[in-house]
Amino acid sequence: MTNLQKGDTAPTFTAKDQNGKEISLSDYKGRKVALYFYPKDMTPGCTNQACNLRDNYSALGKEDVVILGVSPDAEARHQKFIDKYDLPFPLIADTEHEVINAYGIWGPKKFMGKEYDGLHRTTFLINEEGKIHDVIKKPKTKAHAEEILKSFEAE
């Protein structure tokens, strides 16, 4: 779906998190960022993915990996998701699809024989210089932290 690939400069953005606080990719220059896009708060796959990242948050932190989640959900829904599952990382409310479109992950999908437009679950691993280190298409929701750590270890 996305045209972005390893070595490309990650598209910059400024967007609001669950608290309405502005977050910019440039805030994390000099750090590794796992920018993960997921379809919807409170759904089984998205909950598995968020909880896997939560459960491995300290291991990711030891490797100086910042986790930023992005979905089209609104700020209030993100806050409920964070509260319900005790998520320790920010979730960006991209209701206007500005970040989603910048990363090129909105498009045709199929589910139960029906076609529709939606967000393709994708994670962009961004290095300290703001370049894309790796693109994980269709991440494993129950083992996503391991995928992130393994990719960054392979530098």
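Two strands are taken to pair if DSSP finds at least two bridges between them, and strands (E, at least two residues) and helices (H or I, at least four) are DSSP runs, numbered from the N terminus. The structure described here is a predicted model, in which local features need pLDDT of at least 70 and side-chain atom pairs count only at pLDDT 80 or more, while totals for chains, interfaces and linings use all residues. Residues are numbered from 1 along each chain as its sequence is written, and side-chain values use heavy atoms, with hydrogens and water left out.

The protein has five helices and nine strands, which follow one another along the sequence in the pattern β-β-β-α-α-β-α-β-α-β-β-β-β-α. Its radius of gyration (taken over C-alpha atoms) is 14 Å, close to the 15 Å that the globule rule gives for 155 residues, so the protein is as compact as a globular protein of that length; the rule itself is 2.2 Å times the number of residues to the power 0.38. The C-alpha trace spans about 40 × 35 × 30 Å along the principal axes. Buried residues, meaning those under 20% relative accessible area with a 1.4 Å probe and protein chains only (exposed is over 50%, partly exposed in between), make up 48% of the 155 residues. Of the contacts (heavy atoms within 4.5 Å) with a separation of 6 or more, 64% are accounted for by residues 24 or more positions apart.

Five strands form an open sheet with mixed pairing, in the order β5-β4-β3-β8-β9. From one strand to the next, the twist averages 20°, where axes are lines fitted to C-alpha atoms, for helices over the stretch in contact, and angles run from 0 to 180 degrees between N-to-C directions.

Within this sheet, β4 is joined to β5 by three bridges, the two strands running parallel, and β3 and β4 also pair in the parallel sense, over six bridges. Gly69 of β4 has Leu91 as its bridge partner in β5, and Tyr36 stands opposite Gly69. Seven of the seven residues of β4 are buried: Val65, Ile67, Gly69 and Ser71 point one way from the strand, and Val66, Leu68 and Val70 the other way. Helix α3 lies across β4 (65-71) and β5, running at about 160° to β5.

Because Tyr38 lies in the loop between β3 and α1 (44-55) and Phe81 in helix α3 (residues 75-85), the pair ties together parts that are 43 residues apart in sequence. Tyr38 and Phe81 are both buried, and one aromatic cluster is formed by Tyr36, Tyr38, Tyr57, Phe81, Tyr85 and Phe89.

Terms used: Phe/Tyr/Trp six-rings, centres within 6.5 Å; stacked < 30°, edge-to-face > 60°.
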